[in-house]
Structure formats: structure tokens, C-alpha cells
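Let's take a friendly walk through a protein model. Have a look at the sequence and the 3D view first, and then we can go through the details together.

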Amino acid sequence: MDNNPISKIVDWYNDAKKSEINDPDAITLATVDKSGFPNIRTVLLRKIDNDSFVFFTNYNSQKGREIANNNKIAFSFHWKTLAKQIRIRGLAERENTVIADDYYNSRALGSRIGAWASKQSEVLKNREELIERIDFMKKKFKSNPPRPEFWGGIRIRPLSIEFWKEGEFRLHERELWQRLTVDEPWSINNLYP
């Protein structure tokens, strides 16, 4: 058996790309606010490396601020067409390197302008305010807006990964990979459904 659970995640993800109609890279991401309350939302996971996962966001957004305050994070994939789910818990860090630049520059111009125009998670008085900000940024940057300093990647280094596969009579298959630090080898256990 491969000693890296991310290989199995890539296999399942590649299967999902063939069967999921929309966004096989959609994950449900959980962060915790300063009061200890969890927040969840769906984001798109854009990169799977040998030892980590990366999504991109505005660092001033609610999730960005919460991650800066508490880098413990969790997310899950759920692929209904495969009857499979993966739950991951780990530690988050900013990914502000050429990886963030490359991804930002691969986005459509409207999305790059939108990154500048949106004060993500702040109160919006009305839609016209956003449209005015978009128009201003279009004029300011024309066709080549640089990546904003407040926008980039979040890299998640996993400490716990659970694979779940639907079973008959709700006798699901569950396999848990765990480690205490990102430098340790993984331990693997099967769990009761």
C-alpha cells in the first residue's frame, strides 16, 4: 500500500472528474472564528500536491481572517455520483509564491478585476457600489491587473484524512489516516461505520 494517502485522494478525484456534472474540485471548508464558532462554505480546491492542498482567496475575507487567527482547518470532498467522501483536517498557511501568481494570471480578466473590486465579506450597501468599483478597477488596470497583495493561496497540510465509501445497509467503509505533525509517518486504521 502507498504510504501517502494523497495518492488515493488523487485517484478518487480523477474518478470524480469523469462522473460529477459540476465542480468535482468543490470542497466544504470549515474555519473557526474568534469566538470559537465554526463557519463553513464551499470553495474550489485548485491544487493537490504530494503533501498538501491549495485553494485561493482574498486574505481579508472572513475565511482569510479566521485562518490568520487560527490555522487549524478542515474540509471535505463529497462525490454523490461515486458514493464517496473524504474528510481532511490540518494546518493552513499562506501560499504567496509564484504558485499564487500563476493561478491568478490564469484566471479570466473579469475574475482578476473582481479580486481587486470586491471587499470580500464586508457589508455591501447596494449592487451599484460593486459595479462602480469594478468599473474603476477596469479603468485603472486596463487589461493586466497584477495579483493584489491581499489575495493568494491557502495551503493545507493534512494531519488527518478519512476515506468514506458507501456500503450496503449503511455498513460504510471508513479508513482513517492520522499523524501528529506534518513530518511524521501516517498511521492507518479502519473505523466502524
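What pattern does the chain follow when it is read along the sequence? The answer is α-β-β-β-β-α-β-β-α-α-α-β-β-β. Please keep in mind that this is a predicted model.

**The whole chain**

The chain contains five helices and nine strands. Its C-alpha trace spans about 55 × 35 × 30 Å along the principal axes. Of the 193 residues in the chain, 39% are buried. Contacts also tell us how the chain folds back on itself: among those between residues at least 6 apart in sequence, 61% join residues at least 24 apart.

Now find helix 4, which covers residues 109–117, and helix 5, which covers residues 127–141. Their axes are 9 Å apart, and the two helices pack at an angle of about 115°. Angles of 65 to 115 degrees count as roughly perpendicular, and helix 4 and helix 5 are therefore roughly perpendicular to each other. Is their crossing left-handed or right-handed? The crossing of helix 4 and helix 5 is right-handed.

Which residues meet here? Helix 4 brings I113, W116 and A117, while helix 5 brings L130, R133, I134, M137, K138 and F141.

Helix 4 has several buried residues, namely R112, I113, A115, W116 and A117. What covers them? The cover includes helix 5, and also strand 4 (53–58), helix 3 (98–106) and strand 7 (151–165).

**Aromatic rings**

Next, look for the rings. A pair of aromatic rings is described by the distance of the centres and the angle of the planes. The structure holds eleven aromatic pairs, and two of them are set out here.

| Pair | Centre to centre | Angle between planes | Kind |
|---|---|---|---|
| F75 and F77 | 5.9 Å | 75° | edge-to-face |
| W116 and F141 | 4.7 Å | 40° | tilted |

F75 and F77 are both buried. These two residues also belong to a cluster, in which ring pairs link F53, F75, F77 and W79.

The pair of W116 and F141 takes us back to the crossing helices. W116 lies in helix 4 and F141 in helix 5, so their pair ties together parts that are 25 residues apart in sequence. Why do both count as buried? Buried means under 20% relative accessible area. W116 has a relative accessibility of 17%, so W116 counts as buried. F141, with a relative accessible area of 14%, is buried too.

**A partly exposed arginine**

Finally, go to R94, which lies in strand 6 (residues 84–95). R94 has a relative accessible area of 48%, so this residue is partly exposed. Which residues does R94 touch, not counting those up to four places away in sequence? They are Y59, G153 and I154.

Technical notes:
Residues are numbered from 1 along each chain as its sequence is written. This is a predicted model: local features need pLDDT of at least 70, side-chain atom pairs count only at pLDDT 80 or more; totals for chains, interfaces and linings use all residues. Side-chain values use heavy atoms; hydrogens and water are left out. Axes are lines fitted to C-alpha atoms, for helices over the stretch in contact, and angles run from 0 to 180 degrees between N-to-C directions. Helices (H or I, at least four residues) and strands (E, at least two) are DSSP runs, numbered from the N terminus. Angles under 35 degrees count as roughly parallel, over 145 as roughly antiparallel, 65 to 115 as roughly perpendicular and the rest as oblique. A crossing is left-handed if the near helix is turned anticlockwise from the far one by less than a right angle, and right-handed if clockwise. Contact means heavy atoms within 4.5 Å. Buried means under 20% relative accessible area, exposed over 50%, partly exposed in between (1.4 Å probe, protein chains only). Rings of Phe, Tyr and Trp (its six-membered ring) pair if their centres lie within 6.5 Å; planes under 30 degrees apart count as stacked, over 60 as edge-to-face and the rest as tilted.
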